[in-house]
Amino acid sequence: LPPLAGLASCLLLYALLEEMTRDRLLAVSAVLLFRAVPYGIAYFQYASDYAIAILFTSAFLYCAAQYLRTGLPGPLVLMWMFAAFAVHINYLMWVLWPVALLATLLAHVKGGSCEEHGEVPRRRYQCHSNANDPQSLDEELEDYLPPDERAWRQLHIGMRPSVAQLLKSRSFLVLVLCALAVASPWYLRNVIVTGNPVYAFFYNVFPSKHVNPAVMKSAEVEWRLNGDGLGRVGRTVGEKLRNSWFYFVTGPHHWKLGPVFMAFVIPGVLLFGARVVSHSVAQGVSRIRGQCNVSILPSMWDDTLKMGAIAALLFFLLWFYAYAVADMYLYQIIIVLPLFAIFAAFVFERFPTARARVPLYLLVLTIAIVPGFTMGLMGFKLKRSSGPNDVMQFSQVTLTALRNLFIDRETFYQMEFDGDMMMLRQVNALPP
């Protein structure tokens, strides 16, 4: 099931990005980067529900993009239902709910598909002599719309309700209540039985029954010793932030998200932020100068920026959780991986011509081969940090599995479990 979930996630992300950018090669490249992340490769091979969590997140994002574009009730219902069913996979999937609310609201904010005419004609004629007569301007601009855009608007002539009208609508409230009814049974059961909706986690936050604090403290010690989260590089949020470069770039865990995270994702997040700021400044200047009728200024919130805002909210919520709430295991926020493809698309869009993108495409192919292809061949074997001072003596980084093809079982167990195997041999040698 996990490999199929990985394949389905790739198809959903490709469809999302192809809609968002109208560029198939860009969409393929961004999805290839998502699929080449070593941590994702591991969990699409493990018998783990985290692959299903990634699939649900990808489906959620695709439905959000469709609702931004069409405003139709089908994608809206599916988006909220994916968010509702996802919380039965992992309690952290509740993070999709504020993101679903933001996506719903942005679909009704003027800009992109949520306005009467397309962006390009409005920009071209925003200072037209008839700008003070919106009806006359609209009729004139209709002739300049691309044929597919004109056909789309003729088929969808209904205006979307405003944000205020949406929030007051009975159908939206019923949808949210239905989603809540789908999502809540297990958590209500936990509250009734133990007082803690996410029993037995966060027992010190929720008043929990049937919890032995000593056992949980012991478990926390084990998690900190064996975890691969940001707790490995700091105790406080400040320490983790200061040591982020070590964690993501130079430390023993750098390979898990690299090199995609630092080469494409972080630049993509920064480029998205710069684009929001530049659009805001441009609109502010236009309004201050009063060169045009404010009512016909194009909104800065086109569909791409709206989708970027949705991805950014989920991105920062997950990393806030990893830095400030639960820092023991990186896989707890593994649903951040589909966002890698979205932010990578912002990097590609910074280079407007195919020739300018050639170096990026070559870099994508390189990453797809190493670490992508080699990690896919090796799987997630020999991941243990078994050397002195947490140096990875046998690991994917050193290509142990490829350099030692057809390792016999005993040798593999010795490499993977080290001293634990000696203990097991001694226990097994004891008389019954």
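Reader: Is Trp-223 buried, exposed or partly exposed?
Author: Trp-223 is partly exposed, with a relative accessible area of 24%. Here buried means under 20% relative accessible area, exposed means over 50%, and partly exposed is in between (1.4 Å probe, protein chains only). Please keep in mind that this is a predicted model, where local features need pLDDT of at least 70 and side-chain atom pairs count only at pLDDT 80 or more, while totals for chains, interfaces and linings use all residues. Residues are numbered from 1 along each chain as its sequence is written, and side-chain values use heavy atoms, with hydrogens and water left out.

Reader: Thanks! And how many aromatic pairs are there?
Author: The count comes to 28 aromatic pairs. Rings of Phe, Tyr and Trp (its six-membered ring) pair if their centres lie within 6.5 Å; planes under 30 degrees apart are stacked, over 60 edge-to-face, and the rest tilted. One of the pairs is Phe-201 with Trp-223: the centres are 6.2 Å apart and the planes at 35°, so this pair is tilted.

Reader: Where do those two sit?
Author: Phe-201 lies in the loop between helix 12 and helix 13, and Trp-223 in helix 13, so the pair ties together parts 22 residues apart in sequence. Helices (H or I, at least four residues) and strands (E, at least two) are DSSP runs, numbered from the N terminus. Phe-201 is partly exposed, with a relative accessible area of 36%.

Reader: What about Phe-348 and Tyr-361, how are their rings arranged?
Author: Their centres are 5.5 Å apart and their planes at 25°, so Phe-348 and Tyr-361 are stacked. Phe-348 is in helix 18 (residues 337-349) and Tyr-361 in helix 19, 13 residues apart. Both Phe-348 and Tyr-361 are buried.

Reader: New topic: which residue does a cis peptide bond join to Pro-371?
Author: Val-370 is joined to Pro-371 by a cis bond, with omega about 20°, and Pro-371 is found in helix 19 (residues 358-378). The bond from Gly-258 to Pro-259 is also cis, with omega near -5°. Most peptide bonds are trans, and most residues other than glycine have a negative phi.

Reader: What is the phi of His-210, then?
Author: His-210 has a positive phi of about 60°, although it is not a glycine. His-210 is exposed, with a relative accessible area of 60%.

Reader: Last one: how many helices and strands does the protein have?
Author: The protein has 22 helices and zero strands. Of its 432 residues, 45% count as buried.
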